[in-house]
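Morning, everyone. Please have a look at the next slide, and then I'll walk you through it.

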Amino acid sequence: MKTFSFMSVPDKRLTMQAYLLLLEKLQAAANSSISKPATSKDKLLHQTLRLKQLIEALEAEILAE
């Protein structure tokens, strides 16, 4: 994934921290006890899966440095 290729390592680490915080928020929203329409919950779950993929790509980029 070329998304992070041109970022500095400190920027990659900061982005990783932000993604991890966002992932927590999305997971909490998807799992909240507040009634949500199925499409809304599905969208949140899809976003968490995509964010996990981005985190994995970013981890690989950091390890390759």
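This is a predicted model: local features need pLDDT of at least 70, side-chain atom pairs count only at pLDDT 80 or more; totals for chains, interfaces and linings use all residues.

Where is the place of Thr-15? Thr-15 sits in helix 1.

Is Thr-15 buried or exposed? Its relative accessible area is 16%. The cut-off for buried is under 20%. So Thr-15 counts as buried. What does Thr-15 touch, once we leave aside neighbours within four places in sequence? The contacts are Phe-4, Met-7 and Leu-58.

Two of those names come back in the next part. Phe-4 and Leu-58 both belong to the largest nonpolar core. That core has twelve residues in all. Among them are Met-16, Tyr-19, Leu-23 and Leu-26. Ala-30, Leu-44 and Leu-51 are in the core too. So which elements give two or more residues to it? They are helix 1, residues 9–31, and helix 2, residues 38–64. Helix 2 gives the most, with six residues.

Let's pick one core member, Leu-44. Again, skip residues up to four places away in sequence. Leu-44 then touches Leu-26, Ala-29, Ala-30 and Lys-36. Leu-26 and Ala-30 are themselves in the core.

Now for the charged side chains. How many salt bridges does the count come to? Two.

Here is one of them. Glu-61 pairs with Lys-12, and the closest N and O atoms are 3.3 Å apart. Glu-61 lies in helix 2 and Lys-12 in helix 1, so this pair ties together parts that are 49 residues apart in sequence.

Here is the other. Lys-12 also meets Glu-65, at 2.6 Å from N to O. Glu-65 lies in the segment after helix 2, so this pair ties together parts that are 53 residues apart in sequence.

You'll have noticed Lys-12 in both pairs. Through shared partners, the salt bridges join Lys-12, Glu-61 and Glu-65 into one network.

Which members of that network are buried, and which are exposed? Take them in turn. Lys-12 is buried, with a relative accessible area of 0%. Glu-61 is at 18% relative accessibility, so it counts as buried as well. Glu-65 is exposed, at 58%. Why exposed? Because the cut-off for exposed is over 50%, and Glu-65 has a relative accessible area of 58%.

To recap: a nonpolar core of twelve residues, and a network of Lys-12, Glu-61 and Glu-65.

Note on methods:
Residues are numbered from 1 along each chain as its sequence is written. Side-chain values use heavy atoms; hydrogens and water are left out. A nonpolar core is a set of buried Ala, Val, Leu, Ile, Met, Phe, Trp, Tyr and Cys residues joined through side-chain atoms within 4.5 Å. Buried means under 20% relative accessible area, exposed over 50%, partly exposed in between (1.4 Å probe, protein chains only). Helices (H or I, at least four residues) and strands (E, at least two) are DSSP runs, numbered from the N terminus. Contact means heavy atoms within 4.5 Å. A salt bridge is a side-chain nitrogen of Lys or Arg within 4 Å of a carboxyl oxygen of Asp or Glu.
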